[in-house]
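Hi,

Here is the structure I promised to pass on to you. Have a look at it first, then read my notes below.

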Amino acid sequence: MEKILDIVDAIANEKGLKPEKVKEALKTAFIQTAKRVINPKFAFEAVINSQTKTIDIIQTITVVADGDERLKDEEIAPAYISITEAREYDDQVELDDQLQIPHDLEEYGRTAASQLHREIEYHVQRVVEDEIFNKYKSKIGSLVNGRVTRVDNQNSTYIEIDEIRAVLPMKSRIKGEIFKVGDHLKAVVRRVDMNKENGIQIELSRTSPKFLEELLALEVPEISDGTVIVERSARIPGERAKVALFSTHPQVDAVGATVGVKGVRINAVSQELIGENIDCIEYTTIPELFISRIMSPAIISTVEIVKDENGEAQKAIITLPADQKSKAIGKNGINIRLASMLSGLNIELVESDSISQNNDIQEVKEQKDGVDALQALFN
């Protein structure tokens, strides 16, 4: 234990930690060791002695009144002493003063040394795990790269990312994807948890819209530098996606920059997504215009936004020619589902031909009623 602080920098460099955090871990290890080998009910403090480069263990005892209830509690009583008893040692003590009794762990031989070694190892490892946990917690929604190390019976894929292993569940893989050990893949961090039984658990995803956005930022410099903003995105993994973009620079075309010359940029992203078709749409704050754009390739006639009693947009009623309805719905309803996801509204389609027909019928009825009324007047 002599000059134990000399190992702080070595541990910090090896584990990639700050020296201050290593010192705190060592102090905690000394306190826990003292509790185990001396008395678990004592209140200890670990004090760094910069001159000797050691950590001193001090037992603190608080002076309380003679009738204090804490003196009767067996669990915490060793941390307190009555003022009458304290004045037998020092007649100058007052209430709430703290008496300090030094302890030397070396007096407890190999038991203390081996216990301290285990405690240091444990608490330093906890600091390492906290650092990793906080690091990846801040990366939720960010793109990571890794190498496949294992695929289990449930087709969950385990990926090694730097100093930790993450899992890509079957549900978070694009349909048709098959990975084998040694493959390198990209994904976004979806969830980070930590518990005592399993330690840090990192879940990845390749099906979230955020994965598409991160791939676009990787492929399109204008997105990565903030010139083009991905306002919204929606996707049905492996099938089709829609991305709403706008440019912060008047001379930059958001859609053109994202698609690239001859579609080279968007095709690179689509290839990573196993051929997923990606529609790039120019974003606008005008809801009717925005919805008309996201319904592409269908050509629509009008858009009516229905609001609730609080003035919040709730539904969009889209009027369109009968021959455009199938395009608006898309194969297996993909187009209208994506449009609804991107706009956040329920979408109702109404054929303009049927509206015209109903108007014609109403007009004929009104004309007939007018003629009948005129005849009745003269008769």
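Ser233 stands opposite Val243 in strand S11. Eight bridges join S10 to S11 (residues 240–247), and these strands run antiparallel. A word on the names: helices (H or I, at least four residues) and strands (E, at least two) are DSSP runs, numbered from the N terminus. Two strands pair if DSSP finds at least two bridges between them.

Before going on, please keep in mind that this is a predicted model, where local features need pLDDT of at least 70 and side-chain atom pairs count only at pLDDT 80 or more, while totals for chains, interfaces and linings use all residues. Residues are numbered from 1 along each chain as its sequence is written, and side-chain values use heavy atoms, with hydrogens and water left out.

Back to the sheet. It is an open one of three strands, in the order S10-S11-S12, with mixed pairing. Strand S10 (228–236) and S12 are at the edges with a single partner strand each, so one side of each has no neighbour in the sheet. From one strand to the next, the twist averages 20 degrees. (Axes are lines fitted to C-alpha atoms, for helices over the stretch in contact, and angles run from 0 to 180 degrees between N-to-C directions.)

Which helix lies across S10, S11 and S12? That is helix H9 (residues 287–294), running at about 155 degrees to S12. Helix H11 (residues 334–343) also packs on the sheet and touches S10, S11 and S12. The direction of H11 makes about 135 degrees with that of S10. Contact here means heavy atoms within 4.5 Å.

**Helix H8 and what covers it**

Which residues of helix H8 (residues 264–272) are buried? They are Ile266, Val269 and Ser270. Seen down the axis of H8, these buried residues fall within an arc of 100 degrees, so they line one face of the helix. The arc is that of the directions from the helix axis to the C-beta atoms.

As for the cut-offs, buried means under 20% relative accessible area, exposed over 50%, and partly exposed in between (1.4 Å probe, protein chains only). On the other side of H8, Val264 and Gln271 are exposed. Gln271 counts as exposed because its relative accessibility is 64%. The C-alpha atoms of Gln271 and Glu288 are separated by 32 Å, with the two residues 17 apart along the chain.

What covers the buried residues of H8? The cover includes helix H5 (209–219), helix H7 (254–259) and strand S12 (277–282). The axes of H5 and H8 come within 10 Å and cross at roughly 140 degrees. H5 and H8 are therefore oblique to each other; angles under 35 degrees count as roughly parallel, over 145 as roughly antiparallel, 65 to 115 as roughly perpendicular and the rest as oblique. The contact is made by Phe211, Leu212, Leu215, Leu216 and Glu219 of H5, together with Arg265, Ile266, Ala268, Val269 and Glu272 of H8. After H8 comes Ile274, with a positive phi near 60 degrees.

**Another set of strands**

Strand S5 (residues 143–151) is joined to strand S8 (residues 184–195) by five bridges, and the two run antiparallel. Val144 stands opposite Ala187 in S8. S5 also runs antiparallel to strand S6 (residues 157–161), with four bridges joining them. The bridge partner of Arg150 in S6 is Tyr158.

The hairpin of S5 and S6 has five residues between the strands. In that loop, Asn155 has a positive phi of about 65 degrees although it is not a glycine. Is Asn155 buried, partly exposed or exposed? With a relative accessible area of 35%, Asn155 is partly exposed.

**A few single residues**

- Asn332 lies in the loop between helix H10 (325–329) and H11. Asn332 is not a glycine, yet has a positive phi of about 55 degrees, and is exposed, with a relative accessible area of 65%.
- The peptide bond from Ser296 to Pro297 is cis, with omega near 15 degrees. Pro297 is in the loop between H9 and strand S13 (302–307).
- Ser82, in strand S3 (residues 80–82), counts as buried at 13% relative accessibility. Not counting residues up to four places away in sequence, Ser82 touches Val64, Ala65, Asp66 and Leu71.

Cheers
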